[in-house]
Amino acid sequence: MSRKLTIRALKYNPLSKISKPQFVSYELEETPFMTIFVCLTLIREKFDADLSFDFVCRAGICGSCAMMINGVPKLACKTLTKDYKDGVIELMPMPAFRHIKDLSVNTGEWFEDMCKRVESWVHTDKETDISKIEEKIEPEVADETFELDRCIECGICLASCATKLMRPNFIGATGLLRTARYLQDPHDERSVEDFYELVGDDDGVFGCMSLLACEDNCPKELPLQSKIAYMRRQLVAQRNK
Amino acid sequence: MNIQYSDALVIGGGLAGLRAAIEVAKTDQSVTLLSICPVKRSHSAAVQGGMQASLGNGAKGEGDNEDLHFADTVKGSDWGCDQEVARMFAQTAPKAVRELASWGVPWTRVTKGPRTVVINAQKTVIEEKEAAHGLINARDFGGTKKWRTCFIADATGHCMLYGVANEAIKNEVKIIDRMEAVRIMHDGKKCLGVIARDLTNGELTAFVARGTMIATGGYGRIYKQTTNAVICEGTGAAIALETGLCRLSNMEAVQFHPTPIVPSGILLTEGCRGDGGVLRDVDGYRFMPDYEPEKKELASRDVVSRRMMEHIRKGKGVKSPYGDHLWLDISILGRAHIEKNLRDVQDICKTFNGIDPADEGPKGWAPVLPMQHYSMGGIRTKPTGESQWLDGLFACGEAACWDMHGFNRLGGNSCAETVVAGMIVGDYFADYCKKNGEVIDTNIVKDFLTKEYEYLKSLANKDGKNDVFEIKNKMKEIMWEKVAIFRTGEGLKEAVDELEELYKKSLDVKVHNKELDCANPELEEAYRVPRMLKVALCVAYGALLRTESRGAHYREDYPKRDDLNWMKRTLTYWVEGENMPRVEYDELDIMKMEMPPAFRGYGAKGNIIENPLSAKRQEEVDSIREKMENEGKGRYEIQEALMPYELQAKYKAKNQRIGVDYE
């Protein structure tokens, strides 16, 4: 028993002088466990070879295909059409990032910049001799670091974030999670004070309005809310010193 | 005219490319890295199970070392690999995993005391040593003597990729994403860099460098059923092929993974079976012990895949709208284990099939079917990673064939290879760039740029008869129907003929959007599909000519491994203007092997056409070993006497392990 789906996708090429933003509708037969990835692939093959969108892993782990699906930012590859009762699905590119074309936005440049801003790598003065037995880490500590290392940089938390839309330079939940991740990692020797230098302002942890759509929409169910609160407590304590 | 210069240029932003770029950056040379997607989205992120490295920390890894890792790798390759490369690899892998730990990759660690694991479908308690507490843990994988696969739950690749990408950013690697290399520039002898197309605005840039490395991954997307990401189209290898000089090697060596989920083809990691999961048929019966009593579900991937297909052919598959499949049952591992160590697997099953694999009984079984997974073949290089036919062009990772995997790769060895090759080849590459600073003739660069622009313009203006997507899908079907797990001469001949026809058609397609200065996915297909067809032809033609079965290459009409005639690598190259690749061969020298060809330990016995040199060499090896052991020589000295190999001193250094120190 299949039904007709209507996919309405925003089309717009910002590099063209004549292109105007418009919705284009495509009608498809629904199949069991159909995802937006399957829909868009079919649309490109059968109806509109020019429709721009991004997929890489198509398995919910690379973060490339985040887009607005009926107004909510989601990973298109993991979104099932059966969850849309009336069979009408509207696709738009995510706000908060530079628009490339149609459903495609430039998350890569934003995330590389974020990495540089929070210096998202281990800071240490230790020299590691890789021929020697590795440093011991408590198993629970390694697991906790992993829990915070699971962000896939899809950008959904930013597209969900009112602060980010008003304050373009806001580091967002993902940037704050990254600081919490390195604060937690025993390999990193940075102090709370060091992190205060990076994100202790309104573009960082004090800009967050705690609306928490970031955590609501995060496809990896990361503890964004508690980690932002944690960083804020740490940094407030630092400021009051 | 856009020209950018750097000392080194890396094409591909997965683990191999990024790790190699870091190696260059550490020598204070400028390095530019081009990637078709943001680098952290690379297919490396999809690695679930882990990377092999003989740390020997856990109770089930005790006694592990480079020798065992080497031997497993050579057997796994069905003696098709370059043993010197396998040695280089096994020696460096522990260093790679330890380096990543120091970069913050949160490896799962050993907890001292007893823990319950599932071995051969039985709950078993093992005791972890106090001394190992806090060191990097490892799980079991197919075809290995020890539990050697280091992991982070089932998100190993994600964590490794982020660790390495962050380190690349720290080391000021200039990363340019959404930039696709479309042509290699060369003067007939030396590589000058590449022409690349910006996928956001269509602009062409000539990236000129002293050395160029291709690390663009595999070519799974030439198959209809594949676990590979949509970007794995093999076009990195194809542009090397299009130089007319570089050779692709062993392209017919294509690995099929036993447990992608049906129908999406998303992989459920080998860790499922490594941790104790089993395969079941339509009756819920565990069939693998009947076929492979010794290794069961953990025989090597080619063997398990074939046994599964064999069982389906016997009518024991489960009927479904997507064809027959089998079941993977991990519920016996327990919900707690699954929710900690196989969380992504659970998520995939739930999202894409509405199944919770932690549910006991048939309700929690996941439908699986072997699909294309890995490309053992690739751009042929020396053990240093440099092409033998084009100076200054290097390759590493899955895109390359320095030939570590031969005809079958062991699980956990590819993700290990990416970083290990990134280190070793990256170091040789950095050296090359430092030493080779000749002045470049910009006229050649200009010619390449102009030619490429004209080519893309003419392609956009094509108003041909054919639809590029139809051609692409037809190719995928041919590859899946006729060049997959079971191959016959007849099927392969048909495949080659049909692919050749498709290739000709692909040169005459219609492109609707004529714009060159924006993202134009249709135009992108128009230049990628002919390249994919070239790669597909190398695979199919190599398979047609190879009249034997070795590793993942299985010929029903030639079921034996033929060491007498086929101890050789296939090399394919492409002469511009022709419609078919040309083929030549490169002999493997049994008399130089540390481990001469023998039985693999799984699969049918006596299925080899023996080469008399194997016995001769084995005698030599045995006598050298016996003599040196009697003289009290250690394993390093004996190894050196059997098969000396080159490796940078920093990587060749002995690896320390608990309990045995450096021995």
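Analyst: **Salt bridges, up close**

Let's start with Lys382(B) and Glu386(B), whose side chains meet in a salt bridge with N and O 3.7 Å apart. That term means a side-chain nitrogen of Lys or Arg within 4 Å of a carboxyl oxygen of Asp or Glu. Some ground rules: this is a predicted model, where local features need pLDDT of at least 70 and side-chain atom pairs count only at pLDDT 80 or more, while totals for chains, interfaces and linings use all residues. Residues are numbered from 1 along each chain as its sequence is written, chains are lettered from A and ligands numbered from 1 in the order in which they are written, and side-chain values use heavy atoms, with hydrogens and water left out.

Back to our pair. Lys382(B) is partly exposed, with a relative accessible area of 33%, whereas Glu386(B) is buried at 11%. Buried here is under 20% relative accessible area, exposed is over 50%, and partly exposed is in between (1.4 Å probe, protein chains only).

Next up, Glu494(B) and Lys482(B) also join in a salt bridge, at 3.1 Å from N to O. This pair links distant parts of the chain: Glu494(B) sits in helix 14 (residues 489–506) of chain B and Lys482(B) in helix 13 (residues 468–482) of chain B, twelve residues apart. Helices (H or I, at least four residues) and strands (E, at least two) are DSSP runs, numbered from the N terminus. Glu494(B) counts as partly exposed, with 33% relative accessibility.

Over all chains, the structure holds 94 salt bridges.

**Where the chains meet**

Seven salt bridges cross the interface of chain A and chain B. One pair to look at is Glu147(A) with Arg343(B), in a salt bridge at 2.9 Å from N to O. On chain A, the elements that give two or more residues to the side touching chain B include helix 1 (36–46), helix 2 (107–117) and helix 3 (139–148). By type, that side of chain A divides into 29 nonpolar, 15 polar and 24 charged residues. For this tally, Ala, Val, Leu, Ile, Met, Phe, Trp, Tyr, Cys and Pro are nonpolar, Asp, Glu, Lys and Arg are charged, and the others, Gly among them, are polar.

How much area do the two chains bury between them? The answer is about 5800 Å², with 54% of it on carbon and sulfur atoms. Buried area means the accessible area (1.4 Å probe) that two parts lose on being put together, summed over both. Arg58(A), Ile130(A) and Glu134(A) supply 13% of what chain A buries against chain B, more than any other three residues. The contact takes 68 residues from chain A and 80 from chain B, where contact means heavy atoms within 4.5 Å.

**A helix and a strand**

Now for helix 10 (residues 343–353) of chain B: eight of its eleven residues are buried, so the rest of the structure largely encloses it. Among those buried residues are Val345(B), Ile348(B) and Phe352(B). They pack against helix 6 (271–274), helix 9 (335–341) and strand 16 (366–368) of chain B. Just past helix 10 of chain B, Gly354(B) takes a positive phi of about 65 degrees.

Over in chain A, strand 1 (residues 4–11) has six of its eight residues buried, so it too is largely enclosed by the rest of the structure. Strand 1 of chain A pairs with strand 2 (residues 22–29) of chain A in the antiparallel sense over eight bridges, and Ile7(A) has Tyr26(A) as its bridge partner there. With strand 5 (residues 88–92) of chain A, strand 1 pairs in the parallel sense over four bridges; here Ala9(A) is partnered by Leu91(A). Two strands count as paired if DSSP finds at least two bridges between them.
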